[in-house]
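Here are my notes on the model, as numbered points. Please read them with the coordinates open.

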Amino acid sequence: EALHLQKEVLAAQRETLGNKHPSTLTSINFLALLLSEIGRNEEAVSLQKEALAIRRETLGGMHPDTLTSIHNLGGLLLKIGKHEEALSLQIEALAAFRANFGDRHPSTLLSISNMSHLLLKTGKFEEALPLQEEVVTAQRETLGSKHPDTLNSIYVLAVLLSDMGRRFTALSLFYESLEARRNTLGDGHLSTLESINNLAVHLSKMGESDRALPLYHEVLTAQRKKFGNRHPDTLNSINNMASYLRNAGKYSESHRLYEEAVTASREISGDRDPHTLHYMNGMARALHKEDNLEESRILFEEVLAGRREVLGDHHPRTVTSIKWFLELVKDMGDVEEANKLQAELSSLKQAS
């Protein structure tokens, strides 16, 4: 109903005010937002592109409203996986913010942060790193080291450094973020729990299992108490604990937790939700480790079909599922299926 009404409003404004009137452009943006929320992203992109083209023409590339349109379109393109188009717009926006407001203005820092996030999404870690370091340095100077925005940026920098293999540098930032949040927000605050979880994950990657385990327990206990057993944050923590237990060789305990997460996520979000598929993938791996090969295969086949449908054949998570499934069918002695999957992986690698 809201969509129908907004279309009527826009049609009337186009007729009475013209396509270039500020009110018409505001309505175009609002309609694009509604379309995006119901998954009609291509229509939303078309409208956002129309609004941006008009604002470039009437206001110029440096006007705040034009920059808002660039930001809106870039965010939508990122959402639907058109990373290169989004990156081109973000480069334009960042140059304009630097020219208009200077390097330390909050709007410029937000644009730098958005640019860094986009580069991370596209795997361009070396390009993202100096931008994220710039944001952290500027926010430490202008906001202070314990400001929520600074702590969020420190967390992003820590994750980036971890992904680049610079784990000891990342570790100090994870600890800094957690200590500041415990002191300023308290142990039970959502942001504090996020920091505890991130530190636990990082320690696990470093092989520091003994230090990670109590942190996983702290987060999961707090989230079960705060949100209940079926909240998305709780399910994510259950998954993290299950993953830790699987890697520690405690397969039956891991299996039990994965099953809890998968069952709840199927009921709440559906079988094709990315989180559901992620939990299922972990459970399939745990079943494989338990030598429960038939059940593992059933789950892997469902995960792979779901990720092909939702993410596409070339998405990194789909490719990862193919690799894990390949290991399973090799262990099952299914040579035909193994050859088929290996050929697909080779084809995907050549295409990338």
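1. Terms for helix pairs. Angles under 35 degrees count as roughly parallel, over 145 as roughly antiparallel, 65 to 115 as roughly perpendicular and the rest as oblique. These angles run from 0 to 180 degrees between N-to-C directions, and the axes are lines fitted to C-alpha atoms, for helices over the stretch in contact. Helices (H or I, at least four residues) and strands (E, at least two) are DSSP runs, numbered from the N terminus.

2. Basis. The model is predicted: local features need pLDDT of at least 70 and side-chain atom pairs count only at pLDDT 80 or more, whereas totals for chains, interfaces and linings use all residues. Residues are numbered from 1 along each chain as its sequence is written, and side-chain values use heavy atoms, with hydrogens and water left out.

3. Overall. The protein chain has 17 helices and zero strands. Its C-alpha trace spans about 70 × 50 × 40 Å along the principal axes. Of its 352 residues, 40% count as buried, where buried means under 20% relative accessible area, exposed over 50% and partly exposed in between (1.4 Å probe, protein chains only). Among contacts (heavy atoms within 4.5 Å) with a separation of 6 or more, 49% join residues 24 or more positions apart.

4. α1 and α2. The axes of α1 (residues 2-16) and α2 (residues 22-37) come within 9 Å and cross at roughly 155°. The two helices are therefore roughly antiparallel to each other. Ala 2, Leu 3, Gln 6, Lys 7, Val 9, Leu 10, Gln 13 and Arg 14 of α1 make the contact with Ser 23, Thr 24, Ser 27, Ile 28, Phe 30, Leu 31, Leu 34 and Leu 35 of α2. By class this contact has nine nonpolar, five polar and two charged residues; Ala, Val, Leu, Ile, Met, Phe, Trp, Tyr, Cys and Pro count as nonpolar, Asp, Glu, Lys and Arg as charged, and the others, Gly among them, as polar.

5. α2 by itself. At 1.5 Å a residue, the 16 residues of α2 should span 22 Å, and the end C-alpha atoms are 23 Å apart, which agrees; the expected span is 1.5 Å times one less than the number of residues. Buried residues of α2 include Leu 25, Ile 28, Leu 31 and Leu 35. The cover over the buried residues of α2 includes α1, α3 (41-59) and α4 (64-79). Just after α2, Gly 39 has a positive phi of about 85°.

6. α10. One of the buried residues is Asn 197, and Asn 197 is touched by Ser 237, which lies in α12. Ser 237 is itself buried, at a relative accessible area of 5%. Gly 207, which follows α10, has a positive phi, near 80°.

7. Thr 192. This residue lies in α10 and counts as buried, at 0% relative accessibility. Leaving aside neighbours within four places in sequence, Thr 192 is in contact with Leu 178, Arg 181, Arg 182, Leu 185, Gly 186 and Asp 187.

8. Asp 291 and Leu 293. Where is Asp 291? Asp 291 lies in the loop between α14 (274-289) and α15 (293-311). Its phi is near 65°, positive in a residue other than glycine. Most residues other than glycine have a negative phi. Asp 291 counts as exposed, at 63% relative accessibility. Leu 293, in α15, counts as partly exposed, at 22%. Leu 293 and Leu 328 are 35 residues apart in sequence and 7.3 Å apart in space, C-alpha to C-alpha.

9. α16 and α17. α16 (residues 316-332) and α17 (residues 335-351) pack at about 155° with axes 9 Å apart. That makes α16 roughly antiparallel to α17. By class the contact has nine nonpolar, one polar and four charged residues. Among the residues that meet are Val 319, Ile 322 and Phe 325 in α16 and Leu 341, Leu 345 and Leu 348 in α17.
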